[in-house]
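Thanks for making time this morning.

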Amino acid sequence: MGREFAGKVAAVTGGSSGIGRACAKLLAAQGAKVYLMARSRERLAAAVEEIARAGGQAEAVQVDVTSGEQLAEAAAFLEKAEGRVDVLLAGAGIMELGPVSELSYDLFEAMMRVNYFGVVETVRRFLPLVQKGEFKRIGIISSLAAKISPPYFSAYSASKAAVAGFAHALRQELAPQGIRVVLIHPGPAATPLVDGYLGGRYYPLPPGVPVVSPEHVARAALKAIRKGRREVFVPRRLALTAWLAGVVPGAVDLTYKLVGRGK
Ligand SMILES: NC(=O)c1ccc[n+]([C@@H]2O[C@H](COP(=O)([O-])OP(=O)(O)OC[C@H]3O[C@@H](n4cnc5c(N)ncnc54)[C@H](OP(=O)(O)O)[C@@H]3O)[C@@H](O)[C@H]2O)c1
């Protein structure tokens with residue numbers, strides 16, 4: 001494995017589980033010092049320990065991304081410790097699926113607060129540190145669900161479409177400062193987020209849609225971040241699916257009508 005991120009400082013929200021944790025592990029394995037941010041102290045500690053056991057450098061910062069104050073404190077902590085952030089990865093997210101009539105307003109709001117406002121606040125609070133960084137990369141984890149909204153995904157898809165809109169504007173706005181904003185759209189990945197949903201009534205898998213590992217997503221995401229790509233789908237062939245959905249939205253409806261039968 002290369003040392004592509006040697007000497008870099010990375011900050012990863014959602015770094016204690018799933019895709020964020022896999023990204024943190026890979027960043028550390030490639031030489032970065034990684035600050036993992038999430039709410040659960042125990043899961044953060046376990047992730048930090050795993051990275052340390054593999055010989056990497058990691059530190060936990062307990063943060064709820066729905067709190068601008070906590071994010072500001074985390075940024076102040078990193079400012080004091082490192083003076084900069086080279087790679088900021090906004091990966092924290094939550095997902096609840098179900099019929100609109102059964103999802104409460106609070107759930108709709110919670111998904112917006114974490115998946116959209118959580119990313120906005122993470123970027124706003126850490127931007128001064130990224131501006132001081134050597135590498136100037138911001139990775140934002142959206143989802144294929146930003147482009148394709150199957151039945152029962154209403155709240156989640158809306159929050160991911162919102163964050164994608166934010167990222168597209170941010171990319172153009174920060175480009176003159178040499179900051180690259182990289183938007184990452186994973187398809188289904190085997191993490192605690194989808195446990196209990198994947199393959200079930202609210203999340204049937206159309207034929208040919210693969211379920212990848214969080215490590216697979218991390219490899220693709222970090223490659224895109226290194227290269228400063230605008231937007232990446234994981235796996236890559238889902239870019240075609242997303243494009244087709246934009247051009248022929250009826251095909252998405254038909255696909256989910258067919259796969260939803262019998263569920
Ligand atoms: N798995 C998939 O199929 C898939 C597909 C497309 C996109 N994604 C996106 O990928 C990202 C990571 O998802 P995952 O599948 O890896 O999920 P996961 O395993 O459930 O991890 C979610 C992470 O976000 C953190 N988090 C949740 N709410 C938070 C909050 N309010 N403040 C701070 N941290 C918070 C969690 O830690 P705490 O709970 O301890 O805070 C955890 O570290 C999410 O944005 C998700 O929407 C996932």
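Let me begin with strand β5, where 5 of the 5 residues are buried, so the strand is largely enclosed by the rest of the structure. By buried I mean under 20% relative accessible area, with exposed meaning over 50% and partly exposed in between, using a 1.4 Å probe and protein chains only. Both faces of β5 are covered, with Arg137, Gly139 and Ile141 buried on one side and Ile138 and Ile140 buried on the other.

Before going on, a word on provenance: this is a predicted model, in which local features need pLDDT of at least 70 and side-chain atom pairs count only at pLDDT 80 or more, while totals for chains, interfaces and linings use all residues. Residues are numbered from 1 along each chain as its sequence is written, and side-chain values use heavy atoms, with hydrogens and water left out. Helices (H or I, at least four residues) and strands (E, at least two) are DSSP runs, numbered from the N terminus.

Now, in which order do the strands of the sheet lie? The sheet is open and has 7 strands, in the order β3-β2-β1-β4-β5-β6-β7, with parallel pairing; two strands are taken to pair if DSSP finds at least two bridges between them. At the edges stand β3 (57-62) and β7 (231-234), each with a single partner strand, so one side of each is left without a neighbour in the sheet. From one strand to the next, the twist averages 20 degrees, where axes are lines fitted to C-alpha atoms, for helices over the stretch in contact, and angles run from 0 to 180 degrees between N-to-C directions.

Around β4 the pairing can be followed residue by residue. Strand β1 (residues 9-13) runs parallel to β4 (residues 87-90) and is joined to it by 4 bridges, with Ala11 standing opposite Leu88. β4 and β5 also pair in the parallel sense over 4 bridges, and there the bridge partner of Leu88 is Ile138.

What packs on this sheet? Helix α4 touches β1, β2, β4 and β5 (137-141), and its direction makes about 170 degrees with that of β5; contact here means heavy atoms within 4.5 Å. Helix α2 (residues 41-53) also packs on the sheet, touching β2 (33-38) and β3, and its direction makes about 175 degrees with that of β3.

Helix α4 (residues 105-131) has 27 residues and reaches 37 Å from its first C-alpha to its last, close to the 39 Å expected, the expected span being 1.5 Å times one less than the number of residues. It bends by about 40 degrees at Arg125, and a proline, Pro128, follows within four residues; the bend at a residue is the angle between axes fitted to the seven residues ending there and the seven starting there.

Helix α5, with 21 residues, reaches 30 Å from first C-alpha to last, close to the 30 Å expected. Its buried residues, among them Tyr156, Val163, Phe166 and Leu170, pack against α4, β5 and β6.

Turning to the aromatic side chains, a search of the whole structure finds 7 aromatic pairs. Rings of Phe, Tyr and Trp (its six-membered ring) pair if their centres lie within 6.5 Å, and planes under 30 degrees apart count as stacked, over 60 as edge-to-face and the rest as tilted. Tyr35 and Phe77 form an edge-to-face pair, at 6.3 Å centre to centre and 75 degrees between the planes. Tyr35 lies in β2 and Phe77 in helix α3 (residues 68-81), so the pair ties together parts that are 42 residues apart in sequence. Tyr35 is buried at 1% relative accessible area, whereas Phe77, at 37%, is partly exposed.

Phe153 and Tyr203 have ring centres 5.0 Å apart and planes at 85 degrees, so this pair is edge-to-face. Phe153 is buried at 5%, and Tyr203 is buried at 11%. Ring pairs also link Tyr116, Phe117 and Phe166 into a cluster.

Finally, some backbone details. A cis peptide bond joins Val234 and Pro235, with omega about -5 degrees, and Pro235 sits in the loop between β7 and α7 (238-247). Lys136, in the loop between α4 and β5, has a positive phi of about 55 degrees although it is not a glycine. Tyr152, in the loop between β5 and α5, likewise is not a glycine and has a positive phi, of about 80 degrees.
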